[in-house]
Amino acid sequence: WFELRPPDNTFKSHIDTTLASSWGNVEWHGDALKLQVNTGWVSFKQVNFGEPGQISVMRVRYSKPSGWGGLSARLGSKDATELVYHQLLVTGSWDEFVEVDLPIDVDGVHDLFFTAHRSSGTHKMVAIDSFELLA
């Protein structure tokens, strides 16, 4: 269970992929997870998105050396309806990370899944390092 509130009850928003609950068709790259195109996924169990209106942005830190594709965030399962989708930017290498702010409208506690998408190809296409939940 992810308790995103430390003992002093302030909201903690930063979550590293080292805290992932489960994953499929990925490989580790340092502390980041490289997701396989169209089959790669990573999940985080019991993520607390806070009270209604508390969270409006999910900031994702990722790297993508080449090609094109997208990253989806989903609630409940890797096959669920998308919470948010982002067309990935090329960063130039696996070690060059960027952060992107994705608008979200969700509250409460949910299992969170990230999935990678591309119309063709089977190479590793995105490495997720961390994400944050922001007001």
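Predicted model: local features only at pLDDT ≥ 70, side-chain atom pairs only at ≥ 80, totals over all residues.
Figure 1. Lys-78 forms a salt bridge with Asp-79. The closest N and O atoms of this pair are 3.8 Å apart. Is Asp-79 buried or exposed? Asp-79 counts as exposed, because its relative accessibility is 63%. The cut-off for exposed is over 50%. The count of salt bridges comes to 6. The next two views show others.

**Figure 2. Arg-59 and Asp-101 meet in a salt bridge.** The N to O distance between their side chains is 2.6 Å. Arg-59 lies in strand β6 and Asp-101 in strand β9. The two residues are 42 residues apart in sequence, so the pair ties together separate parts of the chain. How accessible is Arg-59? Arg-59 has 24% relative accessibility and counts as partly exposed. Asp-101, at 41%, also counts as partly exposed.

**Figure 3. Glu-27 forms a salt bridge with Lys-34.** Their closest N and O atoms are 3.7 Å apart. Buried means under 20%. Glu-27 has 34% relative accessibility, so it counts as partly exposed.

Figure 4. Ser-22 is found in strand β2, which covers residues 22-24. What else does Ser-22 touch, leaving aside its neighbours within four places in sequence? Besides Ser-43, Ser-22 is in contact with Trp-41 and Val-42. Now look at Phe-44. Ser-22 and Phe-44 are 22 residues apart along the chain, and 7.2 Å separates their C-alpha atoms. Ser-22 is partly exposed, because its relative accessible area is 24%.

**Figure 5. Asn-25 has a positive phi although it is not a glycine.** The phi angle of Asn-25 is about 55 degrees. Where is Asn-25? Asn-25 sits in the loop between β2 and β3, the latter being residues 26-29. At 47% relative accessibility, Asn-25 counts as partly exposed.

**Figure 6. Gln-46 also has a positive phi without being a glycine.** Its phi is about 55 degrees. Gln-46 lies in strand β5. The relative accessible area of Gln-46 is 29%, so this residue is partly exposed.

**Figure 7. Met-58 sits in the largest nonpolar core.** This core has 30 residues. Met-58, Val-60, Phe-114 and Phe-131 have the most contacts inside it. Which elements give two or more residues to this core? They are β4 (32-36), β5 (41-48), β6 (57-63), β7 (70-75), β9, β10 (109-117) and β11 (124-134). The largest share, 5 residues, comes from β11. Now focus on Met-58. Leaving aside neighbours within four places in sequence, its contacts include Phe-49, Ala-73, Leu-83 and Val-100. Met-58 is also in contact with Leu-102, Ile-104, Leu-112, Phe-114, Phe-131 and Leu-133. Asp-101 and Glu-132 are among its contacts as well.

**Figure 8. The chain has 11 strands and 0 helices.** Read along the sequence, the pattern is β-β-β-β-β-β-β-β-β-β-β. How many of the 135 residues count as buried, as a percentage? The share is 46%. Among contacts with a separation of 6 or more, 74% are between residues 24 or more positions apart. The accessible surface of the chain comes to about 6400 Å². Carbon and sulfur atoms account for 49% of that surface.

Figure 9. The mean pLDDT of the chain is 85. A value of 70 or more is reached by 87% of the residues. Over residues 1-11, the pLDDT is below 50. This stretch has 28 contacts in the model beyond near neighbours in sequence.

Note on methods
Residues numbered from 1 in each chain as written. Heavy atoms only, no water. pLDDT = per-residue confidence, 0-100. Contact = heavy atoms within 4.5 Å. Helix = DSSP H or I, 4+ residues; strand = E, 2+ residues; numbered from the N terminus. Buried < 20%, exposed > 50% of the residue type's maximum accessible area, 1.4 Å probe, protein only. Areas by Shrake-Rupley, 256 points an atom, 1.4 Å probe, with all protein chains shown as cover. Core = buried A, V, L, I, M, F, W, Y, C linked by side-chain atoms within 4.5 Å. Salt bridge = Lys/Arg side-chain N within 4 Å of Asp/Glu carboxyl O.
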